[in-house]
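These are my notebook entries on a structure that I looked up for the first time. I record each item that I checked, in the order in which I took it up.

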Amino acid sequence: ERIEDRAKKQGGRLKRTPFLLSCTFLYFCMVCPVLVTTKVCEGMSMSCAVGLVGGLTSILEQSLRLSVIVALSGFLLGAFGDLNKTIGKLLKGEDTL
C-alpha cells in the first residue's frame, strides 16, 4: 500500500520511464558476457579449443573471467549498499533514506 501511495505522489508511469530504462540497460549489460562468448565460440567444440594454446581461447578465458569478476563486484557492492541502508534504518528510524 505504501509503495502504491508513494508512486501516485511521484507521478505517473511517464515519470518512471528513466528508471525503467536504466533497469533494462542493467539487465542487458548482465547478459552481454554470455552473448559475446556464445557468438565468438559458435561452432567451436571443446576438442578444437584444446589444440589452441593462447590465441582465441586464452582471450575468451580472460574476458570471461574479467566479466565474472565485474559481475561479482557489482553484486558485492549492491549487498554492501543494502546492508548500509538496513543499518541506517535501524539507527535513524524506518522513514529515513
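I began with the terms for exposure: buried means under 20% relative accessible area, exposed over 50%, and partly exposed in between (1.4 Å probe, protein chains only). I noted that the model is predicted, that local features need pLDDT of at least 70 and side-chain atom pairs pLDDT 80 or more, while totals for chains, interfaces and linings use all residues. Residues are numbered from 1 along each chain as its sequence is written, and side-chain values use heavy atoms, with hydrogens and water left out.

Entry on cysteines. I found cysteine 23 partly exposed, at 25% relative accessibility. Cysteine 32 is also partly exposed, at 24%. I then looked for disulfides (pairs of cysteine sulfur atoms within 2.5 Å) and found zero. The cysteine sulfur closest to that of cysteine 32 belongs to cysteine 29, and at 5.6 Å it is too far for a bond.

Entry on leucine 35. I located this residue in helix 2 (residues 17-40); helices are DSSP runs of H or I, at least four residues, numbered from the N terminus. Leucine 35 is partly exposed, with a relative accessible area of 44%.

Entry on the largest pocket. I took a pocket as an open set of points on a 1 Å grid over the protein atoms alone, where a 1.4 Å probe fits, with protein on both sides within 12 Å along at least five of seven lines; lining residues have an atom within 4 Å of a point. Which residues line the largest pocket? Among them are Leu26, Cys29, Met30, Leu64 and Phe75. Helix 4 (55-92) and helix 2 each supply at least two lining residues, and helix 4 gives the most, with seven.
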